Amino acid sequence: MLALYLREVRLGVRAGGGALTGVLFFLAVVAVIPFGVGPDLNLLARIGPAVLWIGALLASLLGLERLFQADREDGALDLLVMAEDRHMLAATVFVKCLAHWTANVMPLVAVAPLLGLFMNVPAAGLAAATLTLAVGTPAITFIGAVGAALTVALPRGGLLVSVLILPLTIPVLIFGVAASRGAVADPDPFLPPFLILAALTLFFAVIGPVAAALALRTSD
C-alpha cells in the first residue's frame with residue numbers, strides 16, 4: 001500500500017497542472033471577494049474563514065474526475081475490479097484518495113494562511129482555518145471518489161462529478177466554517193464543531209472507498 005501511495009503521488013505530480021490549477025482557482029475566488037463586498041476590513045475579517053473554506057472546497061473538486069481515468073485507460077482498473085479479493089479494491093481506492101489529497105489538495109491547505117492575509121483574518125483565525133482545512137478536506141476527497149467512480153465510464157464527467165458530490169460536502173463546509181469562526185468569534189465554540197468535522201472525515205474515510213468500490217464494479 002505504501003508503494004501504491006508513493007506511485008500515485010508521483011503520478012499526480014508528474015501529471016502537472018492539477019495542484020497549480022487548484023491554487024490559482026483558490027486565489028481567484030479569494031481575490032474577487034473584496035471587490036464584491038467592499039474594502040471594509042472588519043467585514044472581510046468576519047467572512048474570511050468562510051471564504052477560505054468555500055474557495056478550498058471548490059478548488060478541491062477540480063481534477064476529481066481523473067481519479068480513476070488513468071487506471072481505466074491502461075486496463076489496471078479492470079484487473080482490480082475482477083480481483084477475487086473484494087476488499088482490495090476498496091483499500092486501493094482509499095490509498096488513491098490519500099495520494100490525490102497529498103498531490104492536489106494539500107497545496108491548497110499550505111497556501112490558505114497566505115490567502116487569509118488578503119482577507120484581514122487574524123492570526124488565530126488563520127491557524128484555525130488551516131487546521132480545519134487540513135482535517136476536513138480529506139473528507140471532500142473521499143466523497144469525490146464516489147462521484148468519480150460513478151462517472152468513470154463517461155468521456156466528460158468532470159462537471160457531473162461536482163454536481164453529484166457538492167451537496168454531500170455541505171456538512172463538512174458547515175462544521176469547518178463553524179470551527180474556524182469559533183477560534184476568533186466569542187462566544188462561538190471551536191472544539192465541538194472541530195471534533196464533528198474530524199468525525200465526518202473518519203466516517204467518509206470508511207464509507208467513501210467502499211461506496212466507490214461498489215460503484216466501480218457496477219459501472220464496469
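So, reading along the sequence, the chain goes α-α-α-α-α-α-α-α-α-α. That's 10 helices and 0 strands, where helices (H or I, at least four residues) and strands (E, at least two) are DSSP runs, numbered from the N terminus. Keep in mind that this is a predicted model, where local features need pLDDT of at least 70 and side-chain atom pairs count only at pLDDT 80 or more, while totals for chains, interfaces and linings use all residues. Residues are numbered from 1 along each chain as its sequence is written, and side-chain values use heavy atoms, with hydrogens and water left out.

Okay, overall dimensions. The C-alpha atoms fill a box of roughly 60 × 35 × 30 Å along the principal axes. As for burial, 45% of the 220 residues count as buried, meaning under 20% relative accessible area, with exposed over 50% and partly exposed in between (1.4 Å probe, protein chains only). And among contacts (heavy atoms within 4.5 Å) between residues at least 6 apart in sequence, 81% join residues at least 24 apart.

Now the inside. The largest nonpolar core has 54 residues; by nonpolar core I mean a set of buried Ala, Val, Leu, Ile, Met, Phe, Trp, Tyr and Cys residues joined through side-chain atoms within 4.5 Å. Which residues touch the most other members? Phe 26, Trp 53, Phe 68, Val 93, Val 172 and Leu 216. Several helices supply at least two residues each, including α2 (18–37), α6 (86–118) and α10 (191–219), but the largest share, 11 residues, comes from α7.

Have a look at Phe 68. Leaving aside neighbours within four places in sequence, Phe 68 is in contact with Leu 77, Val 93, Lys 96, Ala 145, Ala 148, Ala 149, Val 152 and Leu 216.

Searching the whole structure gives 3 aromatic pairs. Rings of Phe, Tyr and Trp (its six-membered ring) pair if their centres lie within 6.5 Å; planes under 30 degrees apart are stacked, over 60 edge-to-face, and the rest tilted. Phe 94 and Phe 142 are stacked, at 5.5 Å centre to centre and 10° between the planes. Phe 94 sits in helix α6 and Phe 142 in helix α7, so the pair ties together parts 48 residues apart in sequence. How about accessibility? Phe 94 is partly exposed at 31%, whereas Phe 142 is buried at 4%.

Then there's Phe 203 with Phe 204, an edge-to-face pair at 5.3 Å centre to centre and 70° between the planes. Here Phe 203 is partly exposed, with a relative accessible area of 47%, and Phe 204 is buried at 16%.
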